[in-house]
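Let's take a walk through a protein model together, starting with the whole chain and ending at single side chains. Please keep the structure open while you read.

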Amino acid sequence: MEPVNKREQNKALRRGQIQKAAVRVFARRGFGNATMAEIAGEAGVAPGTIYIYFEGKEDLFMSIPELISEPMLAAFLEAAFGGNEPTDIKGEERLLTQSCTRAMETLLQNIDLVKSILASVVTLDDEARAEYFRQPLQALTILERYFRDRIERGIFREMNTAVVAQAYAVLVIIFVLIQELIRPRDVAPIAYEEISQELIRLLLYGVKR
């Protein structure tokens, strides 16, 4: 009999396989024209298999942002609350720089998915848009928790953690979009590690000498 954890891993892999196939089909056909049969064919599974993981096409569509938010959060949670947290500002600088670099690399690896999400947003009504970004918004809650935790430890000053968490997230996303979607081809890209180092220094220290 297959171990429980192995079965769960296989289920997670199959779920992700279906989601990634759906992204490709939605990008080609649009949400309205895409069919579950097409998605199943793209994923290499029987059409009925999709319904083991998702209630229908809309449920599948709404799950897509988790492909980015989950891997970005996992490593950050371990570093920020895993029991070996930094105890001074330099340690926090290293943690945030590594986290920022990893987040940017995750977005870069899923740039086609990011394009699909951006294209999809304009087609959604307010209620659907709120649901679509429900899980990514949970990431902001975790970032706020991180900043509050460091305030309580005496490492960070008092601040509006909601504003700072959103500013951090926006900076990460905007720089990837500029590098990959907006930057002219004749302008050399900046290494993501260098971007991360400068952004985190800006976040922690401002521009004061």
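The protein chain has 11 helices and 0 strands; helices (H or I, at least four residues) and strands (E, at least two) are DSSP runs, numbered from the N terminus. Read from the N terminus on, the elements run α-α-α-α-α-α-α-α-α-α-α. This is a predicted model, in which local features need pLDDT of at least 70 and side-chain atom pairs count only at pLDDT 80 or more, while totals for chains, interfaces and linings use all residues. Residues are numbered from 1 along each chain as its sequence is written, and side-chain values use heavy atoms, with hydrogens and water left out.

Let's look at the chain as a whole. Its C-alpha atoms fill a box of roughly 60 × 50 × 30 Å, taken along the principal axes. Of its 209 residues, 42% count as buried (buried means under 20% relative accessible area, exposed over 50%, partly exposed in between, with a 1.4 Å probe and protein chains only).

Now find two helices, H5 (residues 66-81) and H9. Two packed helices are described by the angle between their axes and the distance between the axes. The axes of H5 and H9 come within 9 Å and cross at roughly 15°; axes are lines fitted to C-alpha atoms, for helices over the stretch in contact, and angles run from 0 to 180 degrees between N-to-C directions. Among the residues making the contact are Glu66, Leu73 and Phe81 of H5, and Ile142, Tyr146 and Arg150 of H9, where contact means heavy atoms within 4.5 Å.

Which residue partners the side chain of Glu66 in a polar contact? The partner is the side chain of Arg15, at 2.9 Å. A polar contact is a pair of N or O atoms within 3.5 Å; within protein, one must be able to donate a hydrogen and the other to accept it, and residues adjacent in sequence count only if both atoms are side-chain atoms. Glu66 belongs to helix H5 and is buried, with a relative accessible area of 13%.

Over on helix H9 (residues 134-152) sits Arg150. Arg150 counts as buried because its relative accessibility is 0%. Its side chain is joined to that of Glu92 by a polar contact of 2.9 Å.
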